[in-house]
Structure formats: C-alpha cells, structure tokens
Amino acid sequence: MQYKLSEIARILGCVYVGNDTVINHIFVDSRNRIDSIATALFVAIEGERHDGHDYIEELYAKGIRNFIVNKDFPIKNIDEGNIIAVENTLKAIQDIAANYRNTFSFPVLGITGSNGKTCVKEWIYQIFHDTKTVSRSPKSYNSQTGAPLSVLMADSASELGIFEAGISLPGEMTRLEKILQPDIGIFTNIGDAHQENFADVEQKINEKLLLFDKSKLLIYCSDYHALHKAISESKHHYSTFTWGYGDEPDLKILSKTNLSNRTVIKIRVNNSILKDNIGDEAEFAIPFSDSASLENAMHCIAFSLTEGLDFKLLKANLANLSPVAMRLELKEGINKCTIINDSYNSDVNSLTIALDFLDGLTQHRKKTLILSDIMQSEPDEKKLYRQVSKLLQSRGISRFIGIGKALERNAAYFVANSNIPDCRFYSDTDKFLLHCNKASFNNEAVLLKGGRQFRFERISRLLEFQVHQTVLEVNMNAVVNNLNYFKSRLNAGVKLMAMVKASSYGHGSSEIAALLQYHRVDYLAVAYTDEGVNLREAGITMPIVVLNTEPDNFDIMIEYQLEPEIYSLNSLITFLKTASGMGINNYPAHVKVDTGMHRLGFVEDDLPELCDVLKNSQEVKVASVFSHLAASDESKHDEFTVLQIEKFKRFCDSLEKEIGYSFIKHILNSSGIERFPEAQFDMVRLGIGLYGVGTEENQKYLVNIGTLSSAIVQIKHIDEGETIGYGRRGIASTPKTIATIPIGYADGLNRKLSNGKGYFTVNGKPAPIIGNICMDACMIDITNIDAEEGDRVIVMGETPSVSEIANAIGTIPYEILTGISQRVKRIYISD
C-alpha cells in the first residue's frame, strides 16, 4: 500500500495541512512500534473506552508527523504535523481500505459466522499457499478496525485474499462489506455469540448475509436450517454451494468414521458447478476427530473444489492440516527466561504483531528472535529477507537465530544489520537442537516464530522451565475484556487502580502487570514491598502503591519509587524521618481511612493530629486518600456501605480543607463499582473482577481468565467393594473406572474437595474426585466417560468455575485462586 497524503485527502473528500508525504503504513494503536516513522500515518480513533487523540502529542514527540483526526480536535503542539481533519476517523480508515481493496486484481474470499472463521481461513491458507500467493487477515482481525487494517496489509500482487468479518451489532456488516467486497463467501455457522444485540436469530443471519451483497458464490452448510431457510428465501444474485448430510446438498457427506486421531470423510459431488466432478465420490482424511474440525474442514473442501483444486492434491493437503494455534503462548523458561511461542502465522505481518508483543515485555533487556524460513509466496526471496532485516532494525533484538535454507542463503542481510549484534543460522531445526547450548539462554525474552513444518514446539519444550503436566493457562484477552468492562462503568475522568497483589491473585504478577501497564491503567497495588520491587525489576515503570507497609522497608520503597499506604500516625512519622534522611521532598503517599472495616487506617478522631503533621512537613505529599468497603457485594449490608461512604467523604472534605490542596479519593472495589456508581469519586480499585469473578449483576459480562488443567496418567478398573486412596475413604459401591491425575494439595487443590465434594471435567463430562486428595495426585471416577490416558482434564475453568469450587467447600474464590502453587506452570495466551 502506498498513497500520497493528497491522495488520501481526495479519497476522504477533505484537504490536508502540511507536506504531501508518501504513506505506506497506517496504524491506530499508539503503542505499536513503528519502523518507518516518516511514512507512517496515525488514525486517531475515538472509541467507547479510549480516544486516540489523547496520544497524538506523545506520538509527535516520537517523530510521527502524519495524522488523521476528528475536525473538532484542537491542533496544538504539533506545528510540523501533516494533518487531515475528518468528521469520523473510523469511517476514514474504512474508506481508505475500501479504496485500496478496489485496486485488487485477485479474488477475495470473505468468511463470516459465529465460530470457526479463523480456523477455516488458516486451513484454506495451508491448502493453497504452495500454489498461490495468499494475503489473509492476521490472527482474528475481523472487527470494524481489524478488517480495514487487514486489507491495508495485503500485498497487491497476491493471487488470493482471505479476510474474516465479525460483527456484534446491527449495521456493522454493511460497513465491512464495502471494505472487503468478497467475490466468494463462506458462512461457517450460526450460534449464540452476540445474540443479545439482535432481536432474533433471523435478524443476525440476515445482518451477516449483507457481507455477500456483491459476491458471486456463497458456501455454507445446509444442515443449519435457519441459515438455509434465510438464504433460500432471500433475494440474492449470488450462486450457492452447500454441503451437509441432509437432502441432497451440492456436496453430500455419505459417511464419516472417527478414529483415534483422525476422521475419514466420504463425500459425493452433486452440483454441476464442478463440471467434470459431478457424481464423483471421494474419501478424505483429516488429522482431527472433533466435530468442529470436521465442520471447518468441510468448508475448506467445498471452497477448494469450487476453485478447481485437484482431488489428489486436496486429499494430500487435508491429511497434513495442522492445528491452528489461535493464541500466542507466553511461558516461563529456563534460566529466568520468558518464552513466547507464536507459530500461529509465518509471514511478515504476523511477525510484526509478534514483535509488538515482544516490545511490551518489560522484564528483560535482552531479546532473542528464533525465526524459521517464511513460507509465503513472495517471488523475490532477497526482497523478502531484506524486508525482514529492516523490520528488526529498531526492535532491540540482541540475538537472531535463523532456521531454514532460505535464511541461510540470505544471512548477509542480517549480519550486515548493525542493530543485531549476534546472528546465527541453521539449515533446519534438528541442526539447531543438536548445537543448542541451553546455558546460553539466560534472563532474556525468546520469541519463537516458525512455520509448522519446522516444528518449533520442540524448541519450546527444550527452553521451558517446567514440564509438569498440570498447568494454569491465563487468557490475557479475557483480562483485557474484564478491564474494559469495568472501564465502561466509570464516569469520564475516573482513574483506575488495579490490584496485582498475591501474584495477581495467583495468575502471575509481572505478566499481568505488564499487560495492565500496556493498557494504561493509572495505578497498580501490591500488598508488600518485595512484590513492588519484583515488578520494578521486571520493568514496570507505572505508579505502584504498597498497601501493607512495614517501617523497616520504607527506604527500599523510596529507592524503588514505590508509594506507601500510610495508615497511622506512627507509620507517617516513621516515613517522614526516612524520607528526610534521604533528602526527599513531596514524596507521594496514600492515606488510609478506617470507615468501618476496622483493619488498618486513620479514624475521624485522628484528623486534627494528622492534619497538623502533614501541614508541617515537606517530605510527603498526599497523592490519594482511600478506604475499604466491608460488604459492598451484599445487599443486606447496603445501609452500612452507604454510611461508610458518607464517613469517607466527611473525612476527605475535612482533610482537604486543612492541608490546602486536593488529592485523589477512592473507596470502591470491584463489587462497589457495579453497585455504588455514585461513589466513584476520582478513582476506583479493581481486584477480583479483573480476574473474572463478579457479582450477580455483572458475572455474565465477565470472562474466566484462568484454566487449571492436567492430564490422565493412568486408568484402572476397580471391582465393587474395593477402596481408593489414603484412609480407604473412597469406596467403590459398584465396579468403577478411575483415572489418576497428577495434581494434589501441594499444587493448590484443596483437600476438602475429596470424596465427591469436587469434580473435574473430562471430555465435556463431570468426573467426581474419589477418595482423599494426595499431595501430588488424586483420583477421579470416569465410569461411563469415554477417555484415554493422556486426555486433558479441566480442574478449574468454565466448568467447574472457581466460584463453584469455593462454594463447594465453604470459602471464597480469592482463597482458591491465590492457593495455586508456584510449581504449577503458568502459560499466558493472547490472540
């Protein structure tokens, strides 16, 4: 993509101010690393929870000079900026993308539906990328901003474009259709996603069908009766190609046979659109046995046949389909390393996104990229690797390891890059593993970016710190979802403090803190000084408040720029002495008020002396005053909560008047945000809600962020009357099949869940714990469950949820989450 600023202004029907710069990169996220600053254009999009205009001055200071802004934006402090002012910046980027789409000479496949869009897109890419130059949406870029960005990233020399379109509201698909203009369409399926925003399923189907308004062909499964009915009854000009089991679709599934790790599908072609193939029968095998994969594969088969792909070649490509790892994984590595495994895509666009993620990891100064040959169809190999080398130029890569013959051939481009001090090359993964010195990986971030044929999972296993089968998978996108939900409940200008104490409620401190810093939370809060020190050493630079301050650590807090909670006159006087001895003035402190919790804090009787000390000292400045609500989640205590809020306001008003300056005030916790919006003051504190646990009012809007899982290591058949576990507490009242799972109370599995109090989920079915939980293992009853050794077991996640587990043993979700042992490996995933 390349436009002059004047051309973009013409497309948008506007004028520009400044120089007529050439633009070859358009972006909307101010946090992205931009490699070609002079030719980059920032579009300041105003959303529900953020406004890109707020970051224009910051970008200008970094060297960005080209901006699209809303007309009412006051242009100041950017004297040398090149500006296009428009009515709506979101529409502007969509219009630019639509214009660029009109230049494509290749066919475009548009994919929509409730589920499976990304998998179908990636599998079609796997099937065709050896024979066609393919441009496709990175990851799940299918929204009102993601779709235009996907189009703008496409190579105009491609032979096929594959783009996703996702909607959540009526009216959105019309805008996406103008951007994507698909020649061919796939409607994967229809489900419940976002149904709350539509009157009924029919309205949602018809809204999604608008994507294919100008398409020539639509592929779908006719077994979805509501979908089939809507298409059959609609006035459309496109042809349809259906598949299914039912009444003679164009591609009929005659049979399917599920084997242990694959499915054999027998089909018959009924549609004359395939000309020579009509009436033909064929048998394909896919290396998956679940129903969702079968559905996704059938869409790929249908599309491939309509594109004229030979049966024999299609059969071979289907047999070699690889799982679509739709999420980037972040794991703890050996020697204090962090491993980022992103084998989802292997192209320049996805490499750029992965490098942006790497930039966000602040805990390591040293960064290593292990990259395989990029298996995309850029005909000019030298041009491709020159581009990759240039991409790495400003990324702070300390070591580059290239794996593959193409990278070996083009090693000179990387060796000549003075910004990469250490470059090494291997012809294949086996050679790397043979010569790899694990000790050379030390306290660094390692990004693995490899095509599937290079099997980088072997490198990941080599560099991982723990290989315990029990893992806690933390979904970073779910954290962002929950954060954004609570942000949407706040009044304009209200700040947010996020609680990351107790290792972010068991989920991992530095990883969650880095994510929150990236999403511009105002404050972090920890319980103890050492937690704050660990975050600082992990590269967290934002304000951190220490809630449980200990006088012996005040000097360390100042050294690491940690802000103390001051809860008594003794703690205040001690801190003043420490600050004075270190020559510190106006150090930010946070005054805690006891309004009824009776744990820590000043009471109203302390006000005169507190004010006197504060007025006569210059070492401290009150940054905020706060209090804790004792029972904001229980309606029966609402009267008491209101009294706490009134007492807090009284205290703050008096203190502010006496010391002569204002400060941030905050009293609401997660449940308080939901139930007492009138008491938001200047800031709120988000704790358990961030981690997916809510109230009756908001739980449906929150997403579980952690899935604790393990695997079956052994299956046994137990006769009636036999006993299971320590103390012989588990008794087989009938013949049973039991499975041993390598998780016990040393991993944080509460022993009170023994003997049927708790259960795990195995292949979608509940399996009760039988017998007493051991230190390192437990047994579950899988009688009547089809399971094998090695099958994944969900210990905690969607089902059973953390709240369900807590209720079963009479405790609270906090205890369950914070009790997960550090020996359980944490894996962080992100779309």
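Predicted model: local features only at pLDDT ≥ 70, side-chain atom pairs only at ≥ 80, totals over all residues.

Student: Where does His-628 lie?

Tutor: In a loop. The loop runs between β29 (620–627) and α24 (638–659).

Student: Is His-628 buried or exposed?

Tutor: Buried. The relative accessible area of His-628 is 16%, and the cut-off for buried is under 20%.

Student: And which residues is His-628 in contact with, leaving aside neighbours within four places in sequence?

Tutor: Lys-592, Val-593, Thr-595, Met-597, Arg-599, Gln-644 and Arg-685. Lys-592 is also the partner in the polar contact with His-628.

Student: OK, new topic: helices. How do α5 and α6 pack?

Tutor: Helix α5 covers residues 146–153 and helix α6 covers 172–180. Their axes are 10 Å apart, at an angle of about 0 degrees. Angles under 35 degrees count as roughly parallel, so α5 and α6 are roughly parallel to each other.

Student: Which residues meet there?

Tutor: From α5, Ala-147, Pro-148 and Val-151. From α6, Leu-176, Ile-179 and Leu-180.

Student: What about α3 and α6? At what angle do their axes cross?

Tutor: Roughly 40 degrees. Helix α3 is residues 89–101, and its axis comes within 7 Å of the α6 axis.

Student: Who meets whom in α3 and α6?

Tutor: Gln-94, Ala-97, Ala-98 and Arg-101 in α3 meet Arg-175, Lys-178, Ile-179 and Leu-180 in α6. That contact divides into four nonpolar, one polar and three charged residues. Ile-179 and Leu-180 also take part in the contact with α5.

Student: Switching to strands. What is the order in the open sheet of nine strands?

Tutor: β9-β10-β8-β11-β12-β13-β14-β15-β16, and the pairing is mixed.

Student: Which strands are at the edges?

Tutor: β9 (134–136) and β16 (281–286). Each pairs on one side only. From one strand to the next, the twist averages 20 degrees.

Student: Take β15 and β16. Is their pairing parallel or antiparallel?

Tutor: Antiparallel, over six bridges. Strand β15 is residues 263–269.

Student: What stands opposite Ile-267?

Tutor: Ala-282, in β16.

Terms used
Residues numbered from 1 in each chain as written. Heavy atoms only, no water. Axes fitted to C-alpha atoms, helices over the stretch in contact; angles between N-to-C directions. Helix = DSSP H or I, 4+ residues; strand = E, 2+ residues; numbered from the N terminus. Parallel < 35°, antiparallel > 145°, perpendicular 65-115°, else oblique. Contact = heavy atoms within 4.5 Å. Nonpolar A, V, L, I, M, F, W, Y, C, P; charged D, E, K, R; others polar. Pairing = 2+ DSSP bridges. Buried < 20%, exposed > 50% of the residue type's maximum accessible area, 1.4 Å probe, protein only. Polar contact = N/O pair within 3.5 Å; in protein donor to acceptor, adjacent residues only side chain to side chain.
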